[in-house]
Amino acid sequence: MGRFIGTGGGFHSWPSLIDSLSSLLKKTPTNSHLHDATRLHALLLVSGILSPNAAVSAHVGSRLVEVYAHLGDLKQALLVFGRLHCTQNIACNAILRAYLNSSQFSQAIHFFNHLVSKLGFLPDNYTCPLVLKACSGLCSLEEGRKVLDLIRSAEFRNDFKPNAYTKCAAIDMFAKCGSLDDARKVFDDMSERERDLASWTAIICGTIHMGKGIEAMYLFNTMRLEGKQPDSVVMAALLPACGRLEARKTGMSLQVCALKSGFLRDLFVSNALVDMYCKFGDTEEAYSVFCGMLCKDDVSWRTLIAGYSQNSQYKKSLELYLEMINVGVKPSAVVIASVLPAFGKLNLSEQGKVMHGFVLKQGFDFDVVVASALMDMYSNCGLISETGILLSLWLDWDIMIWNSAISGYAISENQDSALGAFRQLCKSRFKPNSVTLLSIIPICTKTGALKQGMEVHCHAIRNGLVTSVSVSNSLIDMYCKCGYLRLGVKLFHRVKEKDIVSYNTLISAYGFHGYGNKALLLFDEMKSLSITPTKSTFVGLLSACSHAGLVNNGWSIYRSMINDYGINPNMEHYTCMVDMLGRAGLIADACNFVRTMPDEPDCNVLGCLLAACRNHNVEGPTDLLGDEILRDKFGDSGYHVLMSNIYASGEKWKDASRARSLIKEKGLKKKPGNSWIQVGNCTHVFDARDTSHLDFCKIEQVLEMLFAEMKGCCVVDPCLSLSLNFDHFFLG
């Protein structure tokens, strides 16, 4: 018989008390149930069951720790745990689980290390997944490796044998901590019998998490070959990966597989399908899947709203948001962050401000993603001062806030503010990341600010950010476009893991600098490495052939693109071909190419042909092209000016005047030329005929003085008989 305990409420056997404790583990954490736990605790203390001499003390005490931890009173659980004379795994695991549930990952790891080092604790297959999850929550690869070393050491001593559940937790931890190699090693060490669906799911999802979509597809196929059928979790992970890889056929095959398995009724799979089609750019199919969903959640609406924005369909994004409101779905912070870009891109500043008011009312402004989206919206609306104000309010929050500010300054082409914010960020408690550099480097590229670009490069080296292939590609592009091709090539060869963008960048640079043969050699290197070229690759190659006069090579590349790689040419490819033929003086061939195009030529194609006609003094096709322009086909004043100049050179003054007058009639504005100069950390930009610079008067005085000195020193070559009018030159 069990021992009976007398109290004012009657007699209780200790087995009945254990049953009472066990029943509390099934209860929802409430104050009432916590009160019941404290009453039981008091009863156990009075009865002496928790005394060190009691035979069941450790077992009952561990149960009590588990109850307190389950009901959310971690402090009381730790107090009871500290009084246990014998540590049991059930109590340790309960406290670890409580730490995890409250996202106290570092405390969980510290508690585990204390158990192992001070109390000689031996973990089991319930403990290890918990502490590994804490490591992944903290992204602590070092602590995760320590735990795995402990597991292997215990296994070597035959103290503990990890099961598939523990190994799955290790795979998941390594993948989330960014070490796919370690995750793959754990998976590969598992026997085929151990590799259950959970382990396959862990490695596939982890591989996708690391951005290795193709490798994840390979693992999925291997899993199928081993006779394992996928579940909805794997499907929901793989479908968006197909979207990122633009693997439409594979994605549709997975959709058929999901349909046959009945997974399309799963909300997560349906949401993943919407996401996949949005990534394909097929928002119509995404909307079709969305409409066919019997049940929609917040993620469903957000995915399609964001998908419309990502495909530049901002009006549809706003319309869907309004539809969501009308059907009574309350928007979350994530939905707001997804719809805010539409206000910025459509330049709806007033409506955007109303949305900002809604954000404040709902308390969403404390969400970093929403705050960042607000800054992006104001920047896209051209309200840079508002962006600066928000940065000053939120600069202590997160690196994302800084990135949004720098990106906003870049959108407005405010180089000084962007670089100023970057330097301010470097002095703050945050460190610029690869996203920061990918916003700041293009500014240096566009303005030719090599000094500032090299400053950013130095920062990337010091902080190990050059290992990011995207950052390296951006730096290569900067050096090449700033005229330092040699440095760009040198950096290219230092990149260990080059991608297609790396090759495209350097191929385009070679073409821009007139090294067509080098661009072709680099393309051959690409092919030898089995790197599949993209549309951009062929744009760069055709442009390189155009600048270097390699007409035969250009034709060969063009045919190879269509026949060998199945890439249909677009307007950029047509433009490059016309430019190549035009530069070579093959105007008839260029005209014939334009006539045989399957698509109607756009302004760039005809503009290249027009420029070629002028450069080679060919008047034949100009009348035809002139009619195209005069029929309101184009809204670019540059082509009208070019057409006018061609007519003028042929002394067709009436036509020249008509082309010029159309600029005013259409309300077109000729974009003025500009130049800039860097003085210290400040860049001064000057537009043609612009007098708005603060020091314009001083600049004008110095220029007049310099022109006067030049007049005094100038010696006119009598053979040329030129009369230089500096006043006319200065005034315009």
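These entries record what I looked up in a predicted model.

I began with the largest pocket, for which I noted a volume of about 1400 Å³. I then listed its lining of 34 residues, of which Lys212, Val469, Glu497, Lys498 and Asp499 are the closest to the centre. Helices H12, H13, H26, H27 and H28 each give two or more residues to this lining. By type, I recorded 15 nonpolar, 9 polar and 10 charged lining residues. I also looked up Lys498 by itself and found its charged end over the ring of Phe492, 5.1 Å from the ring centre.

**Aromatic pairs.** I counted 12 aromatic pairs in the structure. Phe290 and Trp301 make an edge-to-face pair, with 5.0 Å between centres and 80° between planes. Phe290 belongs to helix H16 and Trp301 to helix H17, so this pair ties together parts 11 residues apart in sequence. I noted Phe290 as buried at 2% relative accessibility, and Trp301 as buried at 6%. Lys296 lies over the face of Phe290, 5.0 Å from the ring centre.

I next examined Trp555 and Tyr558, which are 3 residues apart in helix H32 and thus separated by about one helical turn. Trp555 is partly exposed at 23% relative accessible area, whereas Tyr558 is buried at 9%.

**Ser372.** Is Ser372 buried or exposed? I recorded Ser372 as buried, because its relative accessibility is 6% and the cut-off is under 20%. Ser372 is placed in helix H21, residues 368–380. Beyond its neighbours within four places in sequence, I found Ser372 in contact with Met400, Ile401 and Ser404.

Definitions and conventions. Residues numbered from 1 in each chain as written. Predicted model: local features only at pLDDT ≥ 70, side-chain atom pairs only at ≥ 80, totals over all residues. Heavy atoms only, no water. 1 Å grid on protein atoms, 1.4 Å probe; cavity = no way out; pocket = protein on both sides within 12 Å on 5 of 7 lines; lining within 4 Å. Points joined across faces, edges and corners; volume = space filled by probe spheres on them. Helix = DSSP H or I, 4+ residues; strand = E, 2+ residues; numbered from the N terminus. Nonpolar A, V, L, I, M, F, W, Y, C, P; charged D, E, K, R; others polar. Buried < 20%, exposed > 50% of the residue type's maximum accessible area, 1.4 Å probe, protein only. Contact = heavy atoms within 4.5 Å. Phe/Tyr/Trp six-rings, centres within 6.5 Å; stacked < 30°, edge-to-face > 60°. Lys NZ or Arg CZ within 6 Å of the ring centre and 35° of its normal.
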